Amino acid sequence: MTGNNISLLFLTITFMSVVMTNSFSIAPTTSRIEIQTSNTQSNQFDSLTSRRAASVSIESYPRRSIPSRIKDTIAEKWQSSRSVEIVKDVVEFQRIVNDEQQAIVAVMFYSPVCKACKAAKPLYNKLAKKYKDVKFISVPKTPENTEHLKSLNVNQFPFGHIYKPSEGLVESAGLLRKMIPNFEKSLQTVTSGNPEALKLADTEI
């Protein structure tokens, strides 16, 4: 073997050694890079999830249940009518209907979650604006007055009563929206003997 052949063989062996060394060293490096990238993505995901969870946990929610909020909203809308007084207390209700000596008293019994009551309310309020000298009140159903309403034979909602001074209850009827005109006729009949109660405003139903 000549010197040139030996040199060529040596170069070939050296080249092969370098190639093999690089091939074995690249793979682990690539694996480490992939592992690091995977770990980084996992950490970013965990961090994002943690932030979202934290934002949800610290977000403040109303303590009251949804039905309670709905009841309160409806009650506030009923309270917005200045012509109709809201009476929740049983004692106060009895005082109004028993002790009133001059004005006829019209009463609407309703449930705060009753859709039919909500539909009838605007027409009832118009009656209150129309008959200026009749005292209009609304009595919502509550846990405290449920038994008292039953004693008054109020078993459905909305329901109406008409009280006349010195005579007490003179008319009771359902107060669905379609029944409001009949309730007005009853109110006119009761007030026919009281000229002062017939002073009507220009508001029409």
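This is a predicted model: local features need pLDDT of at least 70, side-chain atom pairs count only at pLDDT 80 or more; totals for chains, interfaces and linings use all residues.

Visitor: Which way do β4 and β5 run, parallel or antiparallel?
Guide: Antiparallel, with six bridges joining β4 to β5. Y163 is found opposite L169 of β5.

Visitor: What's the strand order in the sheet?
Guide: The order is β1-β3-β2-β4-β5, in an open sheet of five strands with mixed pairing. At the edges are β1 (85–86) and β5 (168–174), each pairing on one side only.

Visitor: How do β2 and β3 pair?
Guide: In the parallel sense, over six bridges, between residues 105–110 of β2 and residues 135–140 of β3. V107, for one, has I137 in β3 as its bridge partner.

Visitor: And which strands does helix α4 touch?
Guide: β2 and β3. Helix α4 covers residues 115–130 and packs on the sheet, and its direction makes about 170 degrees with that of β2.

Visitor: What does helix α3 lie across?
Guide: Helix α3, residues 90–99, lies across β1, β2, β3 and β4 (159–164). It runs at about 150 degrees to β2.

Visitor: New topic: what pLDDT does the protein average?
Guide: It averages 74, and 54% of the residues score at least 70. Over residues 23–35 the pLDDT is below 50, and that stretch has zero contacts in the model beyond near neighbours in sequence.

Visitor: How many contacts do residues 195–205 have beyond four places in sequence?
Guide: The model has 22 for them, though pLDDT stays under 50 there too.

Definitions and conventions: Residues are numbered from 1 along each chain as its sequence is written. Side-chain values use heavy atoms; hydrogens and water are left out. Two strands pair if DSSP finds at least two bridges between them. Helices (H or I, at least four residues) and strands (E, at least two) are DSSP runs, numbered from the N terminus. Contact means heavy atoms within 4.5 Å. Axes are lines fitted to C-alpha atoms, for helices over the stretch in contact, and angles run from 0 to 180 degrees between N-to-C directions. pLDDT is the predictor's confidence in each residue, from 0 to 100.
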